[in-house]
Amino acid sequence: MEPQRIIAHFDLDSFFVSVEILNDPSLKDKPVIVGGRERGVVAACSYAARKFGIHSGMPSKKAFQLCPHLIVANSSRGDYSRYSRWVTQIIAAKAPLFEKASVDEFYIDLTGMDKFFKPLQWTIDLRQEIINETKLPISFGLASNKMMAKIATDEAKPNGYLQVPFGKEKEFLAPMPVSKIPGVGEQTYEILKAMGIYKIKDIGERKIEELEERLGKWGADLWYKSQGIHNGEVSQYHEAKSVSTENTFDENKTDVDFLMSELVRMVERIAYELRQDEKVAGCVAVKIRYPDFETTSRQTTIPYTCADDEIIPIAKELFHKLWKKGTPIRLLGVRLSELTNDAVQTNLFDDVERKTDLYKAIDNVKERFGKASVKRASSN
């Protein structure tokens, strides 16, 4: 027999807001959001803000209508990456197998480890270590699969924990609204309501065929989820590799305008590769090689991004700090590293929708007509 699966799900509570409060304690217990002011969206909100009906993903304009005295905090943006890495390091040092699902969310597979320790106590101790070291609030759920652990975490918030006893999954889910099941969006919710389905227990009382008729293959999946059944695996976390590009010039270069143009062109190229892979980077490095083959580089951590306009100024700044002014350059290179698949949560710029649409349009042109078909004027 296969051992009983034991999965923990950790989620940093209102992560971006929590970091802002650590840096500015006066924000505690106030209605705070992280995100844009006008065209932007709410990336995170405090529990005080949630009392006004504000939630993540809501247009900022609507959030201000609900709470005119809302506070927008974005000053600690560079710290989000640092705290995420910090928590990742703590978990990596303790967990036998873990998956980093986003900058603030982790799954840990403890299957089989109950032979050596009590999983609940181990998870409580890990949570406490994270709180003690980072001062960030964090919640966890412990259950027999990823879906159940995530739902348990949501029920444990804020800053708590909850275990769903094995064999009690269906009973635990039964009284909850169907919207608690991950993947049930507004459209599915409306279809279920039209069918007279409001609670998760209502799903289990219907035949799979009836659900499939209305929802296709998702209907069967939904029925199994209502029983607490989910087979998703915890994928071993690996630090993603970097993307880079470099150019060895035919002739050594000292022309600053040319070098800046080349730097912009290279950033555009690798940022495009990131977006194609649906990744964002947390570190930028610039490399310079001189005619005598002396090679030097400099790097810095950044808020996770895949946007050219956010990376280019940082690459230029690194270049100017690194370059021995006036010395000819034989090779120039740029590298983006600390990659993660979490583009949505990290897009905290004000015009998030406009910028995202703009890059999609640019990338679509590049896909159709080649990578060189669209480029910045400064890269010419």
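**Briefing: a predicted protein chain**

At 13% relative accessibility, Ser337 counts as buried (buried means under 20% relative accessible area, exposed over 50%, partly exposed in between, with a 1.4 Å probe and protein chains only). The model is predicted: local features need pLDDT of at least 70, side-chain atom pairs count only at pLDDT 80 or more, and totals for chains, interfaces and linings use all residues. Residues are numbered from 1 along each chain as its sequence is written, and side-chain values use heavy atoms, with hydrogens and water left out.

**Overall make-up**

- The protein chain has 15 helices and twelve strands (DSSP runs numbered from the N terminus: helices are H or I with at least four residues, strands are E with at least two).
- Of the 380 residues in the protein chain, 46% are buried.
- The chain exposes about 19,100 Å², and carbon and sulfur atoms supply 49% of that area (Shrake-Rupley method with a 1.4 Å probe; for residues, only the protein chains shown count as cover).
- Among contacts with a separation of 6 or more, 65% link residues 24 or more positions apart (contact means heavy atoms within 4.5 Å).

**Around Ser337**

- Ser337 lies in strand S12, which covers residues 329-337.
- Leaving out residues up to four places away in sequence, Ser337 touches Ser242, Ala281, Gly282 and Cys283.

**Nonpolar cores**

- In soluble globular proteins, nonpolar side chains tend to be buried together.
- The largest nonpolar core holds 65 residues (a core is a set of buried Ala, Val, Leu, Ile, Met, Phe, Trp, Tyr and Cys residues joined through side-chain atoms within 4.5 Å).
- Helix H12 (residues 256-276) gives the most to this core, with nine residues.
- Phe15, Ile91, Ile108, Phe319 and Leu332 touch the most other members of the largest core.
- Leu332 has contacts that include Phe249, Leu259, Leu263, Met266, Val286, Ile288 and Phe319, not counting residues up to four places away in sequence.
- Another core, of 26 residues, lies apart from the largest one; Ala152, Val164, Ile181 and Val234 are among its members.

**Helix pairs**

- H12 packs against helix H13 (residues 308-322) at about 140 degrees, with the axes 9 Å apart (axes are lines fitted to C-alpha atoms, for helices over the stretch in contact, and angles run from 0 to 180 degrees between N-to-C directions).
- H12 and H13 are therefore oblique to each other (angles under 35 degrees count as roughly parallel, over 145 as roughly antiparallel, 65 to 115 as roughly perpendicular, and the rest as oblique).
- Contacts between this pair involve residues including Leu259, Leu263 and Val267 in H12, and Ile311, Ala315 and Phe319 in H13.
- The axes of helix H8 (residues 186-194) and helix H10 (residues 208-215) come within 11 Å and cross at roughly 130 degrees.
- H8 and H10 are therefore also oblique to each other.
- Thr188, Ile191, Leu192 and Ala194 in H8 meet Leu211, Arg214 and Leu215 in H10.

- Most residues other than glycine have a negative phi, and most peptide bonds are trans.
- Asp29 is not a glycine, yet has a positive phi of about 70 degrees. Asp29 sits in the loop between helix H1 (15-23) and strand S2 (32-35), and is exposed at 68% relative accessibility.
- Lys135, also not a glycine, has a positive phi of about 70 degrees. Lys135 is in the loop between helix H5 (119-134) and strand S7 (138-143), and is exposed with a relative accessible area of 55%.
- A cis peptide bond, with omega about 0 degrees, joins Lys157 and Pro158. Pro158 is found in the loop between helix H6 (146-156) and strand S8 (161-163).
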